[in-house]
Amino acid sequence: MRTMPIPTFLSALALSALLAGCAGSPPARYYTLQAPAQATPDAHSAGYQIEVATVSVPQQADQPQIMLRVDGGALTPLYSDRWSAPLSDEIGAALSDTLTRTLGAIDVQTLRPAEGAPVWRIQVDVQRFDMIAGGPARLDATWRVRPIKVPGGVARVCRTIVQVPADDGTGVPALVRAQQQAVELLGTTIASAIQAGGARATAANAQVQLRDCT
Amino acid sequence: MADETPPPSDDGIDAPDVTRKKQRRIAWIWLVPVVALLAGLSLVVRTWMEIGPEVSIVFNTAEGIEVGKTQVRYKDVVVGTVQNIHFNDDRSKVVVKAQLAKEASGLAAEGTNFWVVRPRLGLSGVSGLGTLLSGAYIGVDAPDGAGASTTATKFEFVGLETPPPVTHDRDGKRFTLKAHDLGSLDIGSPVYYRRINVGRVIGYKLDESGDAVNVEVFIDAPNDKFVTGGARFWNSSGIDLSVDGNGLKLHTQSLVSLALGGVAFAPVNLNENEAAAAGTEFQLYTSETEAKANPDGEPFPIRMRFDQSVRGLSVGATIDFQGIALGQVSRITIDFDNEKKRFYAVVDAVVYPERLGPVYDRVRHRAEASGDAAGGRLLANMVKYGLRGQLRTSNLLTGQLYIVLEHFPKAAPVEFHMSDPVVIPTIPGNLEQLQQQITNIVGKIDKIPFDQIGRDLRTTLSSTSRLMANLDKSVAPEARATLRAARKSLDNINDLLANDAALPANTERAMQELGRAARSLRALADYLQANPEALIRGRGNDPLPGDARN
């Protein structure tokens with residue numbers, strides 16, 4: 001075999017060195033906001049169905065990876081800790097889970113309700129979805145429930161601020177768990193409004209603040 | 001002494017010296033008659049110088065006049081005596097010769113009036129009662145003042161049978177009123193201003209043209225200054241009774257005017273408020289409302305020519321302008337036009353421009369200011385802008401016509417000359433024009449070929465019915481089949497697009513997948529922007545201070 005020309009040999013050597021120098025990527029972990037499945041209470045079907053519309057989330061949180069808030073205005077992207085689905089779908093699924101469980105009604109967002117059936121339409125607009133390093137998880141959402149063909153129902157718009165501290169164990173899982181609880185509390189609050197026919201909304205517990213309800 | 005005496009002889013006696021006295025021609029005794037003559041002459045001369053003029057006055061009768069006794073009095077001062085009364089040549093009148101005093105010789109002049117003052121009963125009362133006791137006398141009335149003459153210039157006078165209504169020494173002014181008829185006025189009828197008697201009627205006379213009565217009134221000073229240029233006189237005799245919607249109204253001036261008749265005046269036209277000059281002529285209106293209404297003013301004769309029948313137009317028909325009755329028709333005649341060989345009607349009418357009111361005054365002043373006193377240019381302008389006369393029906397039932405003067409902007413232009421009377425161009429009436437237009441339309445309709453149109457229509461209809469039959473037979477079933485097929489397609493489409501049909505759901509899923517793909521691409525691009533070495537070296541550890549890593 002003829003001797004390889006010097007440039008070709010050098011480049012082959014460099015390439016092999018480069019490939020050897022590549023470290024592998026650390027494994028990616030995926031999180032979800034949907035709480036683990038809980039036992040459904042005995043079916044007491046409400047006389048209506050619900051429609052959870054697509055949730056809108058702020059753009060800074062709407063990333064495939066978890067964005068950790070350090071302090072002030074700095075956000076750290078954790079490329080190894082990712083959401084399993086786009087954040088709006090995560091929050092929507094978690095809310096739908098909570099609401100169907102609490103109200104006993106079916107979510108007909110995809111399957112389309114029947115003609116003339118009473119439906120409560122829920123629209124949520126998340127304004128703040130903060131996961132603070134070592135600190136609380138904050139969820140600030142403006143939501144609206146509107147009755148369609150529900151006799152005696154009125155629409156209600158409210159703003160809810162939920163702040164859940166991360167249970168011990170700093171780290172991303174704790175924060176994710178805290179956010180799960182925050183979404184569940186939000187869902188309970190919305191359910192209370194629907195159960196009252198849109199007349200009033202009740203905060204689920206002390207971590208929930210209700211503002212400017214009309 | 002004629003005889004000569006012989007010379008004295010010498011006989012011892014001295015002859016006496018006889019001196020002859022000069023013989024006076026005239027004896028002293030003649031002085032007496034001379035003196036008497038002179039005295040007589042001087043008396044005669046003095047009397048002759050003191051004698052005034054002798055005037056002869058002609059009366060109808062010498063009742064109450066006595067020669068030598070009857071005096072001539074002026075302002076109750078005796079200025080003369082009647083000297084002689086005799087007949088004139090044909091014994092129709094009595095000539096009274098009176099001698100006037102020297103100081104009063106100026107009375108024998110033009111304008112002096114003589115009359116016999118005796119008890120008289122007139123409309124204004126009894127006069128001359130004093131003469132029952134003192135005897136009749138001849139009264140004199142002469143103009144006095146600065147223009148009075150001082151020398152006798154006229155010696156023959158015609159005496160008045162009745163005393164003059166106004167003597168010259170009375171201050172005041174005379175005016176002439178033109179009245180349509182005398183009414184119940186007479187000499188002595190009072191003239192009222194604000195119901196105060198300020199003068200009286202002193203005479204009346206029929207006008208020369210015979211269509212008016214000239215009544216002369218005398219207004220005493222100082223009230224004569226209230227007779228201004230714009231004052232109007234009206235006959236206020238009797239009572240003025242009016243019954244209308246507002247009720248009954250009764251006006252009188254005074255009881256005297258009820259009996260004697262009376263004239264009243266008031267300033268109506270306040271634009272002219274200088275006192276009128278003596279002798280001014282005024283119009284005498286028949287009532288107060290008429291006097292105070294807009295005057296008719298000067299009549300302005302016009303003439304119009306109508307080429308159409310004027311049946312229904314009568315003398316006295318109104319001439320209407322902008323809704324105001326401006327005048328009336330006075331005469332209708334027929335004339336013949338040689339060029340067009342047809343008859344036409346000539347209507348003479350009289351308009352009163354002052355009925356227009358203040359507009360006319362303004363326009364007239366402006367016309368006079370621009371030097372067009374007769375208003376000819378104004379009228380020419382109006383005619384140029386379309387002023388025409390037109391006959392119109394005032395009553396459809398009786399067919400009565402009246403004439404209206406109006407601006408017709410589309411009227412054909414007409415040459416206009418001022419003439420007497422002014423000729424105003426005319427245009428045919430609306431009905432005439434309508435008739436002409438209808439005639440035109442009927443002529444045009446006549447020219448339309450109806451049978452040709454009918455024939456064409458028939459052929460068109462037959463071909464149309466054939467076409468319809470064709471359509472029915474061949475086209476209709478095809479159309480029906482097409483409609484059925486279209487309905488089937490629409491049903492299919494409905495199924496396709498139903499709520500839970502596969503097509504919309506698949507489409508939605510495809511959109512979602514596209515969105516997710518775009519989002520992933522975006523995330524990749526963002527990550528690579530931040531960590532471009534990840535292409536070669538892969539994803540590194542997350543740079544997190546602290547113990548976030550498990």
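B:Leu241 is a residue of strand β15 of chain B, strands being DSSP runs of E with at least two residues and helices runs of H or I with at least four, numbered from the N terminus. The model is predicted, so local features need pLDDT of at least 70 and side-chain atom pairs pLDDT 80 or more, whereas totals for chains, interfaces and linings use all residues. Residues are numbered from 1 along each chain as its sequence is written, chains are lettered from A in the order written, and side-chain values use heavy atoms, without hydrogens and water.

**Nonpolar surface patch**

- B:Leu241 counts as exposed because its relative accessibility is 52%, the cut-off for exposed being over 50% (1.4 Å probe, protein chains only).
- Together with B:Ile239, B:Val243, B:Leu248, B:Leu250, B:Leu255 and B:Leu258, B:Leu241 makes a nonpolar surface patch of about 760 Å².
- Such a patch joins nonpolar side chains within 5 Å, from residues with over 30% relative accessible area and no salt bridge (a Lys or Arg side-chain nitrogen within 4 Å of an Asp or Glu carboxyl oxygen).
- At least two patch residues come from each of β15 (240-244), β16 (247-251) and α3 (255-260) of chain B.

**Antiparallel strands of chain B**

- Strand β11 (residues 190-193) runs antiparallel to strand β12 (residues 196-206), joined by four bridges; pairing requires at least two DSSP bridges.
- B:Tyr193 has B:Ile196 of β12(B) as its bridge partner.
- Two residues lie between β11(B) and β12(B) in their hairpin, where B:Arg194 has a positive phi near 55°.
- Seven bridges pair β12(B) with strand β13 (residues 213-220) of chain B, also in the antiparallel sense.
- B:Gly203 is bridged to B:Glu216 in β13(B).
- The hairpin of β12(B) and β13(B) has six residues between the strands, and B:Gly210 there adopts a positive phi near 80°.

Definitions and conventions: Patches are made of residues with over 30% relative accessible area and no salt bridge: like charges are joined within 9 Å, nonpolar side chains (Val, Leu, Ile, Met, Phe, Trp, Tyr) within 5 Å. Accessible areas come from the Shrake-Rupley method with a 1.4 Å probe; for residues, only the protein chains shown count as cover. Buried means under 20% relative accessible area, exposed over 50%, partly exposed in between (1.4 Å probe, protein chains only).
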